[in-house]
Amino acid sequence: MEIVYVYTKKRSDFGRQCNFSDRAAELHVDIPPDDNALEDFIERDPVDIGIQCVQEMSEHDANTERFETTIRGINHTEGGWPKDVNPNELEQVTRYRKKVEKDEGYISAVLHLGNAMEHCIKQNNAIDIYEEYFENIESETIDEAAAAKTINVFRDPNDIKRTATHISWYPDGPRKLAVAYCNLVFQSTSPETSMDSYIWDVENPNKPEMTIKPVSPLTCLEYNPKDSHILLGGCYNGQIAYWDTRKGSQPVELTPIEQSHRDPAYKTVWIQSKTGTECFSTSTDGQVLWWDIRKMGEPTDKMYLDKKQEFHNAQGAYCLEYEPTMPTKFMAGTEQGNIISCNRKAKTPMDKIAAVFTGHIGPVYALQRNPQFTKNFLSVGDWCARIWSEDIRESSIMWSKQYSSYLTDGCWSPIRPAVFFITKMDGTLDVWDIIFKQNNPTLSLQVCDVPLYSLRVQESGKLIATGSQDGTTTLLELSEGLYTMGRNEKNLVTNMFERETRREKILDTRHKEIRLKEKTKADGKPEGEDAGEKPKEESEDYNEEDLYIKAEKEFFSIIDAEKKKLAIPNHDFGEVEKKDWLDEQSKLTADIESIESETQEMTVEEPEVLQTVAEEEDDVMSKTEEVTESEPAEKPEAKDT
């Protein structure tokens, strides 16, 4: 590397400025050529030099955003009017038309263009340029195996890694990701841990596009579907805040501590409204709070996840489900494994809890309605994912296998109604296609070696983002079969959900009858009668469903009877008892003989001993008489089973 030092000096320090003038050339030094120097060189002959007649240019790369172009038709009805003419104003249009018609070249131009236009019209009438030649031929669909590939990996830029607790996609296309980072292990966060969350550009995994700076680590972060510049976040300390990306990294407004949640705000959801500023949140403190970001001083509404609306009995919630088509209804997944269906605008506080679905034995971490069938919803908790129907509250209609690893999150595909995704603690992402198979996932991907905690699918269904415990967000692209709806898929899923719902209704009816039967037996009433009611056989006729239930009950009763019979050993009890009596009789006889022999050896000089022996002999004889009275010959013979 060449070392250069630049000397700086004022112009005034150089002395007088040079003054150049035109004059004849003067020769100062003349160095003649040295002929001896030619011996050290070889003259090149001929000399070829490539010359281009174009300007030399350098190549530059520019990383620009991808732009997709599409061809669309335009219904052009008004033509190209000048800027000062409004085509909707009849007066302006008439004035301009008269002005053009008075022009000298107008008639000649119309006549000249008329011939060409007439020729084109005749061509269009003769040939249909929009004809579909292969309309009736079915396209060959290639059944490719389900697969996914990693597109990008976004890592937490801080030294102390935190869990990627929530992911939100940019609403206007798959260009950005908002990721919330938080350490969820209670009181294990060091003071040096960063509280920042980030917005990532999908194309640039090296550096976040923007930093979100909350007052407390964010447990969730959601884009506003109506305004892509607004983000809503729930903090670990229970506060709710919102950001405007046009105004910087600091929150625009924050809820006061005394009005916020008492536990971490695990879920925030935007509400479908005219203003696009309303939202609601939930936490493990059992509260559901409604907010308007224009005035976040206090919640606009409040509700407790308890039937009697009592705060001390409310169940803490981890997730919310909100469907814009049902603006007053929502569902919450609780710590106790219940799914509570709520109605915000119920007439009485008791009616705010519409239904409770029980089935999980651990907290419910994910809850989402099927985008195509809103009556059916998916819940993820403990070691199992379940599909429910609003018509059946006692049990889910479908469920996955019992995993060995704990489940952390799940969601439906926005395009295909039969596909849903699950993340697990072993770092695996499972893709289920219930049309393809129902007992095992269609695709299982080992995304990383640490637990996955968050999952979100992009609106197109092609891209999926997962967040892990070490703050790594992995962006995956699914194969075409997982985001392309089949021709008859909707009907197949409809029939499947209806069939499973009907099956659960039949089983539920059977369980209710069994419980009623057991209750009547416990009360000591005749079977089929209750409080003066007529027997069931007399009061109503069995329909086909009742006959099926009755046949099933009889079948299980026969099985139980057979099991009871098999539990008894197959022996002849008469022979067994007779053998036992003979053994006892022989034993008593031996005792009597031994006592008599001992008596004969005793001397007459021991009357007390002889008296004791005599008493023992009398006792043995009485026992012999008792055994003789209980001889098995007098007993009825036991039946052989």
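Trainee: What should I know about the model itself?

Mentor: It's a predicted model: local features need pLDDT of at least 70, side-chain atom pairs count only at pLDDT 80 or more, and totals for chains, interfaces and linings use all residues. Residues are numbered from 1 along each chain as its sequence is written, and side-chain values use heavy atoms, with hydrogens and water left out.

Trainee: How many of the 641 residues are buried, as a percentage?

Mentor: 35% of them, with buried meaning under 20% relative accessible area (1.4 Å probe, protein chains only).

Trainee: And how many helices and strands?

Mentor: 7 helices and 28 strands, taken as DSSP runs (H or I, at least four residues; E, at least two) numbered from the N terminus.

Trainee: Why does the end-to-end distance of H2 agree with its length?

Mentor: H2 has 23 residues, 104-126, so at 1.5 Å a residue it should span 33 Å, and its end C-alpha atoms are 35 Å apart. The expected span is 1.5 Å times one less than the number of residues.

Trainee: Switching topic, what order do the strands of the open sheet take?

Mentor: E14-E15-E16-E17, with antiparallel pairing; two strands pair if DSSP finds at least two bridges between them. E14 (317-322) and E17 (353-358) are the edge strands, each pairing on one side only.

Trainee: How many bridges join E14 and E15?

Mentor: 5. Leu320 stands opposite Ala332 in E15.

Definitions and conventions: Buried < 20%, exposed > 50% of the residue type's maximum accessible area, 1.4 Å probe, protein only.
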